[in-house]
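Student: I've got a structure open and I'd like to learn how to read it. Could you walk me through a few features?

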Amino acid sequence: MGSELIYRGHETQTTAVTYSPKPAKPWLRMTRPIRYLLREQRLVFVIVGIAIATIIFTLLPSSSSKHGPIYDPMTQYGMIGTSFETVPRRVRIDERIMSTGKVPLGLKRKGMRIVVTGGAGFVGSHLVDRLIARGDSVIVVDNFFTGRKENVMHHFNNPRFELIRHDVVEPLLLEVDQIYHLACPASPVHYKFNPVKTIKTNVVGTLNMLGLAKRVGARFLLSSTSEVYGDPLQHPQVETYWGNVNPIGVRSCYDEGKRTAETLTMDYHRGAGVEVRIARIFNTYGPRMCIDDGRVVSNFVAQALRKEAMTVYGDGKQTRSFQFVSDLVEGLMRLMEGEHVGPFNLGNPGEFTMLELAEVVQQTIDPNAKIEFRPNTEDDPHKRKPDITKAKDLLGWEPKISLQNGLPLMVNDFRQRIFGDHKEGGATANAS
Ligand SMILES: NC(=O)c1ccc[n+]([C@@H]2O[C@H](COP(=O)([O-])OP(=O)(O)OC[C@H]3O[C@@H](n4cnc5c(N)ncnc54)[C@H](O)[C@@H]3O)[C@@H](O)[C@H]2O)c1
């Protein structure tokens with residue numbers, strides 16, 4: 001008698017072979033779904049369903065307009081009627097989407113995740129407004145050395161906005177698509193306060209952010225400065241000019257810090273393939289600037305509002321160019337979205353002597369405002385004026401707002417902050 005464990009599968013196999021059903025025709029199997037769809041008017045139901053979904057999708061307002069107002073610097077600051085003529089196509093589409101509240105089929109862009117270091121500062125907070133209005137998610141990284149929560153507070157209930165108190169000198173890991181690296185005190189009063197910290201912010205902070213860009217494959221934009229030209233021997237300054245900077249002066253922590261930051265940016269680009277952009281920013285002014293920060297426009301405006309004499313250093317014949325902050329933000333965004341690494345000068349080529357600037361402030365605030373002359377500070381450049389041909393040609397960008405139009409918008413903001421904050425305690429607002 002054989003064991004129960006003997007394999008008998010071959011017996012069943014032999015019997016299975018004897019059964020041979022008629023093979024199914026392959027073309028019949030393929031047309032089965034089509035025949036199913038054509039039966040009992042199912043196709044009509046499908047078409048009607050698609051039509052209803054399309055109508056609902058087109059008529060319902062886009063949810064992206066729910067959070068964060070549409071940012072228009074002209075209307076925000078009361079300058080309706082001026083338009084940006086050369087806005088990039090993608091931004092125009094976004095604005096159309098946001099202004100009509102409808103999403104044209106196939107046109108809605110995916111919002112990006114963007115870090116703005118120094119996003120609670122003057123320029124950074126205006127940039128954040130634009131990015132949020134465009135539909136992006138923004139993470140502000142700031143140590144609040146010169147930045148203020150008040151500058152970004154209006155985004156606090158927006159789920160697309162995050163604020164991290166962090167010093168860029170320490171490493172940080174985030175998953176992002178783009179990094180706008182603005183963190184650095186920009187005014188002489190602040191960057192001279194702790195020069196070693198300033199150069200650390202520019203060198204170690206930039207290294208950390210470039211390292212992050214490399215790790216997560218993000219595009220990186222460095223906000224450099226016209227100070228890299230030092231006291232220029234070439235006028236106006238073109239991007240190819242290498243500058244005339246004192247490496248051991250009191251401004252060197254900032255000037256040389258930014259020059260090193262540019263070097264690091266290019267080395268990460270060439271050596272590690274990081275996508276980078278470099279903006280050389282010239283004097284910028286506008287609402288939310290720090291009051292009493294030693295920058296000439298904010299100094300003059302605050303002094304004239306307080307009925308103090310406007311301090312002019314030296315003979316007042318040194319020149320500067322002043323761009324309104326919304327022009328700068330437009331330039332930064334075009335640079336980030338464009339194809340060119342740079343560096344690009346972003347500034348307003350309109351050139352003013354300090355005395356001419358004082359006159360515009362007198363016209364705007366108080367015709368009787370006095371001027372007081374003081375000895376000039378060390379290493380103060382005599383002339384500064386950007387050549388913006390490169391930005392015009394390659395980014396299609398140029399500033400739109402004149403000093404006469406921009407200054408009143410800043411004066412309104414300063415008036416509110418100085419007199420609003422000074423009513424009781426008399427403390428200097430925001431002179432951190
Ligand atoms: N405003 C101008 O005229 C001008 C001109 C040239 C260049 N820039 C550059 O633009 C950028 C922004 O300038 P701004 O005028 O808005 O200055 P700002 O001082 O108003 O803003 C700088 C921001 O960076 C933050 N910050 C400073 N050090 C930091 C650190 N170690 N870690 C994290 N956050 C830090 C500050 O708290 C602040 O919010 C700066 O990089 C500046 O060098 C500005």
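Tutor: Happy to, and keep in mind that this is a predicted model. Let's begin with handedness: a crossing is right-handed if the near helix is turned clockwise from the far one by less than a right angle, and left-handed if anticlockwise.

Student: Which hand does the crossing of H8 and H9 have?

Tutor: Right-handed: that is how H8 passes H9. The axes of H8 (residues 195–216) and H9 (residues 252–272) come within 9 Å and cross at roughly 15°. Angles under 35 degrees count as roughly parallel, so that is the label for H8 and H9.

Student: Which residues of H8 and H9 meet there?

Tutor: On the H8 side they include Ile199, Val203, Leu207 and Leu210. Their counterparts in H9 include Tyr254, Ala261, Leu264 and Tyr268. The residues of this contact divide into eleven nonpolar, six polar and two charged.

Student: How many bridges join S5 to S6?

Tutor: Six, between S5 (residues 219–225) and S6 (residues 276–281), which run parallel. To find one on screen, take Leu222, whose bridge partner in S6 is Ile278. S1 (residues 113–117) and S2 (residues 137–142) also pair in the parallel sense, over five bridges. There, Ile114 has Val138 in S2 as its bridge partner.

Student: What about side chains in a strand?

Tutor: In a regular strand they alternate between the two faces of the sheet.

Student: Last one: is H10 mostly covered or uncovered?

Tutor: For burial, count neighbours: a residue is buried if 20 or more other C-beta atoms lie within 10 Å of its own. By that count H10 (residues 296–305) is mostly covered, with nine of its ten residues buried. Among them are Val297, Phe300 and Gln303. After H10 comes Lys307, with a positive phi near 65°. S2 is mostly covered as well, with five of its six residues buried.

How values were computed: Residues numbered from 1 in each chain as written. Predicted model: local features only at pLDDT ≥ 70, side-chain atom pairs only at ≥ 80, totals over all residues. Buried ≥ 20, exposed ≤ 12 C-beta atoms within 10 Å, placed from the backbone. Helix = DSSP H or I, 4+ residues; strand = E, 2+ residues; numbered from the N terminus. Axes fitted to C-alpha atoms, helices over the stretch in contact; angles between N-to-C directions. Parallel < 35°, antiparallel > 145°, perpendicular 65-115°, else oblique. Contact = placed C-beta atoms within 7 Å. Nonpolar A, V, L, I, M, F, W, Y, C, P; charged D, E, K, R; others polar. Pairing = 2+ DSSP bridges.
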